[in-house]
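Subject: Structure for your review

Dear colleague,

I am passing on the structure below, and my notes on it follow.

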Amino acid sequence: MFEKVNGKVVKVNVGMAGGVAARTGAMLFYTGDVSFAPHQIPGGQGMGGGGGLMRMAGRMMAGEHERTMLAHGTGEVHYGFAGLEVHVVQLQPGATLRVEASRLLANTAGLQSSIVSVMSSGGGGGGGGLMGALRGAATGALTGQGMFTTQLSGQGSAVLLAHGGFLELQVGGPNPIVVDPQAFVAAYGNVQTELKTAISWRDAVGRGAGEAMQLHCVGQGVVYVQASEEKL
């Protein structure tokens, strides 16, 4: 549905796409009869239950995902953000795309979206729920990643953002793909991710570098990496 205009801009026919959800501020210009309204991403998986800690985790989640706007009507909209590189991913039924919230530009509205803990995305990293969320907060502080990631599934397309261009790494060989968490953009397919400590916690404190924590990717699919450690 999305078509690249150049390396930093995409366009989409909103009517043919069935609506588009994009981060606030990403719309550059449009033609036709298009309307925009605030769009709410459903709450995180594995975050059910009551209590003060759960409410705290929910507030942390709400503070991390990017605000989005839903475009609908008949017309063509051009999207881009901060001069960053763009990449279009076509999703097929049965596959999922897990992408850092700050690195998702837009997606077709028909995709199912949710927010999951970084520690439970893809089935790796030590489980979900409150403890998974709190572990995600600790590792996020070290790696520079957010505490939560956006998960998309269904049939449609999404647009990723990156500094300095994209590397598309195939996952499925005998060895895992090991990624600097600050360079990680997204994982597509049946890819499990697990954050592992590369050096001692004592050495890692205060560094906040990807060398201290590494993201191991296994399974079958694709991992997208940006050619930079710069945060969006």
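Is Tyr-30 buried, partly exposed or exposed? Tyr-30 is partly exposed, with a relative accessible area of 35%, where buried means under 20%, exposed over 50% and partly exposed in between (1.4 Å probe, protein chains only).

This is a predicted model, in which local features need pLDDT of at least 70 and side-chain atom pairs count only at pLDDT 80 or more, while totals for chains, interfaces and linings use all residues. Residues are numbered from 1 along each chain as its sequence is written, and side-chain values use heavy atoms, with hydrogens and water left out.

Tyr-30 lies in strand 4 (residues 27–39); helices (H or I, at least four residues) and strands (E, at least two) are DSSP runs, numbered from the N terminus.

As for pairing (at least two DSSP bridges between two strands), strand 14 (residues 184–197) runs antiparallel to strand 7 (residues 96–100), joined by three bridges, with Tyr-188 as the bridge partner of Leu-97. Strand 14 is also joined by 13 bridges to strand 15 (residues 213–226), again antiparallel, and there Asn-190 stands opposite Gln-220.

On confidence, the mean pLDDT (the predictor's confidence in each residue, from 0 to 100) of the protein chain is 79, and 67% of its residues reach 70 or more. Confidence is highest in strand 2 (residues 9–13), at a mean of 98, and lowest in helix 3 (residues 129–143), at 45. Over residues 123–144 the pLDDT is below 50. Where pLDDT is low, the predicted coordinates should not be read in detail.

Best regards

Key:
Contact = heavy atoms within 4.5 Å.
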